[in-house]
Amino acid sequence: MTNYVGGDQYNQYGAHSIGRIEHHGAADPARAYHDLLLAVRTLRAQVSPADRELVDEQLGVLSAGPDQDRGTLRRALSTVAGVAMVVGQVGAPVIQAVRQVTAALGM
């Protein structure tokens with residue numbers, strides 16, 4: 001059963017279990033981008049040398065900021081998200097940060 005209260009959606013499972021689903025708008029682009037850079041730098045320290053080299057290449061692109069060619073930025077985001085996905089749980093913050101940046105920038 002799904003209920004809506006004050007704009008929030010609640011799903012009820014069974015007699016007593018209720019799960020809240022929050023809907024957030026796009027993040028502030030500057031904040032989302034800042035969080036992305038922090039997450040990628042943190043990931044960099046936790047991956048193999050081969051992955052670190054790939055992350056370093058993309059960090060060079062990402063460090064140029066969000067106001068660059070969208071295709072170049074999207075490729076860099078896709079590459080770091082790919083590395084993050086391959087390394088597992090340690091990469092989860094990067095994947096989340098990439099999602100927030102793409103939403104905030106309307107990509």
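**Salt bridges and helix packing in a predicted model**

In this predicted model, the side chains of R31 and D35 meet in a salt bridge, with a nitrogen-to-oxygen separation of 3.4 Å, where a salt bridge is defined as a side-chain nitrogen of Lys or Arg within 4 Å of a carboxyl oxygen of Asp or Glu. Both R31 and D35 belong to helix 1 (residues 29–44), in which they stand four residues apart, about one turn of the helix. D35 counts as partly exposed, at 26% relative accessibility; here buried means under 20% relative accessible area, exposed over 50%, and partly exposed in between, for a 1.4 Å probe and protein chains only. A search of the whole structure finds two salt bridges, and another pairing joins the side chains of R44 and D56 at 2.4 Å, N to O. This pair links distant parts of the chain, with R44 in helix 1 and D56 in helix 2, 12 residues apart. R44 is partly exposed, with a relative accessible area of 30%, and D56 is likewise partly exposed, at 32% relative accessibility. Side chains of opposite charge can pair when their charged atoms come close.

Residues are numbered from 1 along each chain as its sequence is written. Local features of the model need pLDDT of at least 70 and side-chain atom pairs count only at pLDDT 80 or more, whereas totals for chains, interfaces and linings use all residues, and side-chain values use heavy atoms, with hydrogens and water left out.

The secondary structure of the chain comprises four helices and three strands, which run from the N terminus in the order β-β-β-α-α-α-α; these elements are DSSP runs numbered from the N terminus, helices being H or I of at least four residues and strands E of at least two. Of the 107 residues in the chain, 30% are buried. Among contacts between residues at least 6 apart in sequence, 48% join residues at least 24 apart, a contact being heavy atoms within 4.5 Å.

Helix 1 and helix 4 (residues 92–104) pack at an angle of about 155 degrees, with their axes 9 Å apart, so that helix 1 is roughly antiparallel to helix 4. For these values, axes are lines fitted to C-alpha atoms, for helices over the stretch in contact, and angles run from 0 to 180 degrees between N-to-C directions; angles under 35 degrees count as roughly parallel, over 145 as roughly antiparallel, 65 to 115 as roughly perpendicular and the rest as oblique. The crossing of helix 1 and helix 4 is left-handed, a term used if the near helix is turned anticlockwise from the far one by less than a right angle, and right-handed if clockwise. On the helix 1 side, P29, A32, Y33, D35, L36, A39, V40 and L43 meet P93, V94, A97, V98, Q100, V101 and A104 of helix 4. By class, this contact of helix 1 with helix 4 has 13 nonpolar, one polar and one charged residues, where Ala, Val, Leu, Ile, Met, Phe, Trp, Tyr, Cys and Pro count as nonpolar, Asp, Glu, Lys and Arg as charged, and the others, Gly among them, as polar. D28, in the loop between strand 3 (17–21) and helix 1, has its C-alpha atom 8.7 Å from that of V101, although the two residues are 73 apart along the chain.

The axes of helix 3 and helix 4 come within 9 Å and cross at roughly 155 degrees, which makes helix 3 roughly antiparallel to helix 4, again in a left-handed crossing. Here R74, L77, V80, A81, A84 and M85 in helix 3 meet V94, I95, V98, V101 and T102 in helix 4, and the contact consists of nine nonpolar, one polar and one charged residues. T102 is buried, with a relative accessible area of 17%, and, not counting residues up to four places away in sequence, T102 touches R74, L77 and M107.

Helix 2 (residues 49–62) and helix 3 (residues 70–87) have axes that come within 9 Å and cross at roughly 150 degrees, making helix 2 roughly antiparallel to helix 3. Helix 2 passes helix 3 in a left-handed crossing, and the residues of their contact divide into 10 nonpolar, three polar and two charged. Q58, in helix 2, is buried with a relative accessible area of 12% and, leaving aside neighbours within four places in sequence, is in contact with R75, A76, T79 and V80.
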